[in-house]
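I am opening my notebook on a structure that is new to me. I will write down what I looked up, entry by entry.

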Amino acid sequence: MAVAAVEGVRFAYGDGVRALDGVSLSIRDGEHLALLGPSGSGKSTLLRALAGLVPHFHGGTFAGRVVVGGRDTREARPADLAGVVATVFQDPEDQAVLNRVTNEVAFGLENLATPPGEIWPRVEEALAAVGAEHLADRAVAELSGGELQRVALASALALRPRLLLLDEPTSQLDPDAADAFFDLVESLPCAVVVSEQRPARPLAHADRVVFVERGRVVLDAPREDALSWLAANRPAYVELPPELLCDVRGVAFSYGDRGVLAGAALQVRRGEIVALTGPNGAGKTTLAKIAAGLLRPDEGSVRHGRAALLVQDPGRHLVTERVLDEVALGADERRALRALRDVGLEWALERHPRDLSAGERERLALAAVLATEPELLVLDEPTRGVDPERKAELAALLRAHAPRRGTLVVTHDLVWARSLADRIVELSGIVAHA
C-alpha cells in the first residue's frame, strides 16, 4: 500500500527558478528510499512537497498532485499531516522550539492531542531508540550539533509517523555515530526517505534509490539495479568509503598542571571538511596540533596521514625575500607556482612577502602549506580578519581541493563553518562532541 504518491509535480520558487519538473513516484508503507542527486537538483524541495511545506509554507508556483496518507497536500496543510509524516531537517537547531530535551520531544505529541498518559512513555521510548536517554534533562541550548540531531530524530519518532523524511540527517555526526544512526533507521517500521550528499551509508541500507537532476527523476530502481546504473553513469556515488586520514581517540593533554583535553576524539576522512568549534580556551588549537602531529598527547592514541598546519596569523612567519621562494620552501617550483595560482597570487612571484597586504600574506602562507600537498590539511582560524569576499573565495578553494585530502578547520565563525563543512565537531569544556 502506498503511503505517499507524487504525480507530475512541478514547482518553482518565488524567484521563478524551477526546482521540480514533472516528478512522479510512489512510496510504499515500510519502504526505505535513498534520495540522491547533486546540490540544487531538487531533493530538499521534493521532501518539502512530501511534508506539505510545498506549496503551503514555501511560496511559489505548484502544479501536479501529492497525496500523503490518503490526503491531498493541496488541501491538507502540514499541521494536518503531522500524525502521518515527520521530518528531520539538515539544521536541527532550526526546528528546536523548547528549552528542555524532554519537553522538545513531547512538543509534537502535545500538538497532536496525545492522551497525557501516553506522552511521557513515548518520549522515553523515542529517546532510548536514538541512544539519547542521558540527554533527557539537558537544556537544548547546551547540546552539541550531533546531540541536537539525535533529539530532532527522537522528536520525529515519538510521533510514530508512517513516513519519515530525513534531509542530510548525519551532517553533524562523526562516522561511528552516522553508522549507528543508519543502523537505527534501517530498523524502523515506517517508510523512510533519506536525502544525503554522502551516499555510501544510505545506499547500504536502502530498498530503493531515486536519483534526481535538474528537478527530474533520472533513476528510480531497486537498490541492486540502482547500484549498477550508478556505477555506469554516476560512478562518484558508489565509490568506496573514504580513507581515514586522522583518527584521534581518548586523548588527554595538559600544559603543566592545567588540563586542556580529556577523552577527546576526532576523525577526518579523505574528501571530508570538518570544522572544529567551541569557546575560547576549550582546547581547539591544542587538538588541531595533536591531529597534525605537532603535539604528543599525555593519553590516548593518534593516527594521521602526512599533515600540514596553517597556524593563526601565519603572515608573521614568512622568512624569505621572494614570494615564489617562500612557497617553494617545502615543495618544488612547479607545485609552488600551482599553489600561488590557486590562491590568486601568481602576479606576485617576484614581490617581497612583506610588501603584500595582510590578507595577501595570509593567502601566501596558505599557498606555502598547499604546495606541500598534505594528506591532512589543518587550518587554525583561517578567516580571522578576512572580509566576506575572501571568506567565500577560501571556502570555494577548500571545497575544490577537498577530494584530494582531509581538511580540519578550527574556527569561531559558525556561519562560515556551516556553509563549508561536511561535519562540525564542537569542543565543549575539554571533550570533543560530534
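My opening question: is Glu373 buried, exposed or partly exposed? I found that Glu373 is partly exposed, with a relative accessible area of 31%, where buried means under 20% relative accessible area, exposed over 50% and partly exposed in between, for a 1.4 Å probe and protein chains only.

Before going on, I note that this is a predicted model, in which local features need pLDDT of at least 70 and side-chain atom pairs count only at pLDDT 80 or more, while totals for chains, interfaces and linings use all residues. Residues are numbered from 1 along each chain as its sequence is written, and side-chain values use heavy atoms, with hydrogens and water left out.

**Entry: salt bridges**

I searched the whole structure for salt bridges and found 32, a salt bridge being a side-chain nitrogen of Lys or Arg within 4 Å of a carboxyl oxygen of Asp or Glu. As background, side chains of opposite charge can pair when their charged atoms come close.

I stayed with Glu373 and saw that its side chain meets that of Arg335 in a salt bridge, at 3.9 Å from N to O. This pair links distant parts of the chain, since Arg335 is in helix α11 (residues 333–342) and Glu373 is in the loop between α12 (358–370) and β16 (376–380), 38 residues apart. For these names, helices (H or I, at least four residues) and strands (E, at least two) are DSSP runs, numbered from the N terminus. I then noted that salt bridges with shared partners join Asp332, Arg334, Arg335, Arg338 and Glu373 into one network.

Next I looked up Asp21 and Arg216, whose side chains form a salt bridge of 2.9 Å, N to O. Here too the pair links distant parts of the chain, with Asp21 in strand β2 (residues 18–28) and Arg216 in strand β10 (residues 216–222), 195 residues apart. Asp21 counts as buried at 15% relative accessibility, whereas Arg216 is partly exposed at 49%.

I also recorded the salt bridge between the side chains of Arg249 and Asp247, at 2.9 Å from N to O. Asp247 counts as buried at 6% relative accessibility, while Arg249 is partly exposed with a relative accessible area of 41%.

**Entry: the sheet**

I traced an open sheet of six strands in the order β6-β7-β8-β3-β9-β10, with mixed pairing; two strands pair if DSSP finds at least two bridges between them. The strands β6 (85–88) and β10 stand at the edges with a single partner strand each, so one side of each is left without a neighbour in the sheet. The twist averages 15° from one strand to the next, with axes taken as lines fitted to C-alpha atoms, for helices over the stretch in contact, and angles running from 0 to 180 degrees between N-to-C directions.

β3 and β8 pair in the parallel sense over four bridges, where Ala34 has Val194 in β8 as its bridge partner.

How many of the residues of β8 are buried? I found that five of its five are, with Ala191, Val193 and Ser195 on one side and Val192 and Val194 on the other.

I then checked which helices lie across these strands. Helix α1 (residues 43–51) lies across β3 (32–36), β6, β7, β8 (191–195) and β9 (208–213), running at about 150° to β7, with contact meaning heavy atoms within 4.5 Å. Helix α8 (residues 223–233) lies across β3, β9 and β10, at about 130° to β10.

**Entry: aromatic pairs**

I found four aromatic pairs in the structure, where rings of Phe, Tyr and Trp (its six-membered ring) pair if their centres lie within 6.5 Å, and planes under 30 degrees apart count as stacked, over 60 as edge-to-face and the rest as tilted. One of them, Phe11 with Tyr13, is edge-to-face, at 4.9 Å centre to centre and 85° between the planes.

Another, Phe211 with Trp229, is tilted, at 5.9 Å centre to centre and 55° between the planes. Phe211 lies in strand β9 and Trp229 in helix α8, so the pair ties together parts that are 18 residues apart in sequence. Phe211 is buried at 0% relative accessible area, whereas Trp229 is partly exposed at 22%. With Tyr237, Phe211 and Trp229 form one aromatic cluster.
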